[in-house]
Amino acid sequence: MYLTPEQKLVGRRNFWRMAVRGSNPDRFKIETCVPRHLTGGPVKGAIVGVGRQGAGALLEACHKDFIDIQAICDINPVHRTLASQQLVAAGWKQPREYEDWQEMAQKEKLEVVIVATPLWTHAEIAIGFLQAGVNVLCEKMMAYDVVSCHRMLDASRSYHRLLEIGYPRFYEPLYQAVYENFIRPKVLGDIHYVRLHTHRNQSWRWDEKAPSSSYNPSRWGYPDWETLANWRMYNRYSHGLVSELGSHQISLVEWFLGSTGQSVYGSGGINCYKDGREVDDHIFMTFNHPQACTVELSVILSNSFGGLYEEFLGSNGTLIMSDLEGGMFFPKEAGCVMGEPVAGKDETTPCKSNWDVAFRTEVWSFCSAVRQGTPLLCGPERALKSATAALAGKKAIATRSRVEISTL
Ligand SMILES: NC(=O)c1ccc[n+]([C@@H]2O[C@H](COP(=O)([O-])OP(=O)(O)OC[C@H]3O[C@@H](n4cnc5c(N)ncnc54)[C@H](O)[C@@H]3O)[C@@H](O)[C@H]2O)c1
């Protein structure tokens, strides 16, 4: 994405004028993004997996007005202690601590559980809680394989409990506004090409200290501390860049296009970090969607130029959602500025996504769905489809071939 400062300014003006029309400004601020109060008081909740995402993003997103976190579970005692301290500091009672999720499922009387453990455990833990009568908000990607995704969906239906998969874009007010103001009214015309980029210049490796010199996670399926700390790097636990990063953008594009890819080509490799990892550090996929739309995804770890963005190229204009530059819209007529200025907006500043708002909205919406029957915005059916496409992409890379997505 090469744009002059003047082009960026025009793109941002157009975006501000179109994207936030009709949106309630309170929904974009962390203090006011959700109503907080629920009929019947906060839901009784717990969390399994309080690592970077569980403690860093999801517990931060919780508020005691709408969720009463009664228990936490993690096989890492240091993570448990830190998460308990975090909750007490934020005003909750001292949570009960478990290292075994099955014991927690048996002993606690919960309405909801948040699952933020490594990918390979999602199906087993989510199904265990659904079976115990608990509604489950499970982190993305839905599960390690397609069969496990189906098992999760079946369990949610058989035990009549809600299951949501944590894709924050579905709950991010800016993406919702873009859907309502650009995508639904077809402002971009016919979209035949989409580019999805997640570009970083970092190894993706975590250098965290083990809880103690004698800590041994082998009974949980991790042969040593390195494997637990860097589970994303190893095939048994994760599908690497596609499940951990690419699946966010694959699910977004399926939402915006209203379709799932029919087939996918792929390539990739461990091109940069020869450090013992098993998963590729560069992946490239080309999905063919119906209505002759081609979607290119690239996720790389050797260069962060352009960062994270999605670019929708339609016959009537181009829409860019960028973490660095904010949203930009370029109608077909070059240099054209659309509509009237939005009162109170500085159109020169980038209009960016706010992930804190997205996670709070996600957790609140899940609690509201459980208590008040409001709809889930992603839902397990959609998450299953995008996981199927992501896994087909991984297979295409491994086999250097075109993979039909429906035949997986
Ligand atoms: N939605 C997002 O934007 C987003 C961002 C980052 C991570 N994630 C997802 O969140 C999940 C966790 O990722 P992370 O970055 O927090 O990883 P992490 O390694 O930082 O945390 C995982 C935690 O799970 C614990 N754990 C592992 N196996 C367990 C088990 N059997 N029972 C209980 N605890 C167990 C680990 O000890 C660790 O504390 C993954 O599914 C990942 O894809 C989502």
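Why does C367 count as buried? The residue has 26 C-beta neighbours inside 10 Å and therefore counts as buried, the criterion being 20 or more other C-beta atoms within 10 Å of its own, with 12 or fewer for exposed, partly exposed in between, and C-beta atoms placed from the backbone. The model is predicted, so that local features need pLDDT of at least 70 and side-chain atom pairs count only at pLDDT 80 or more, whereas totals for chains, interfaces and linings use all residues. Residues are numbered from 1 along each chain as its sequence is written.

C367 belongs to helix α10 (residues 355–372); helices (H or I, at least four residues) and strands (E, at least two) are DSSP runs numbered from the N terminus.

Six strands form an open sheet in the order β3-β2-β1-β4-β5-β6, with parallel pairing, where two strands pair if DSSP finds at least two bridges between them. Strands β3 (96–98) and β6 (163–166) stand at the edges with a single partner strand each, so one side of each has no neighbour in the sheet. On average, neighbouring strands of this sheet are turned by 25° against each other, direction ignored; the axes are lines fitted to C-alpha atoms, for helices over the stretch in contact, and angles run from 0 to 180 degrees between N-to-C directions.

Within the sheet, β1 (residues 43–48) and β2 (residues 67–73) pair in the parallel sense over six bridges. In β2, I69 stands opposite G45, and C73 is the bridge partner of V48. Strand β2 is largely enclosed by the rest of the structure, because six of its seven residues are buried.

The largest nonpolar core comprises 122 residues, such a core being a set of buried Ala, Val, Leu, Ile, Met, Phe, Trp, Tyr and Cys residues joined through C-beta atoms within 7 Å. Those with the most contacts inside it are A19, I47, L58, V113, A126, V136 and V363. Helix α11 (residues 380–399) supplies the largest share of this core, nine residues. At least three residues come from each of domain 1 (5–25 + 170–352 + 377–407) and domain 2 (27–167), with bounds from an automatic or database domain assignment.
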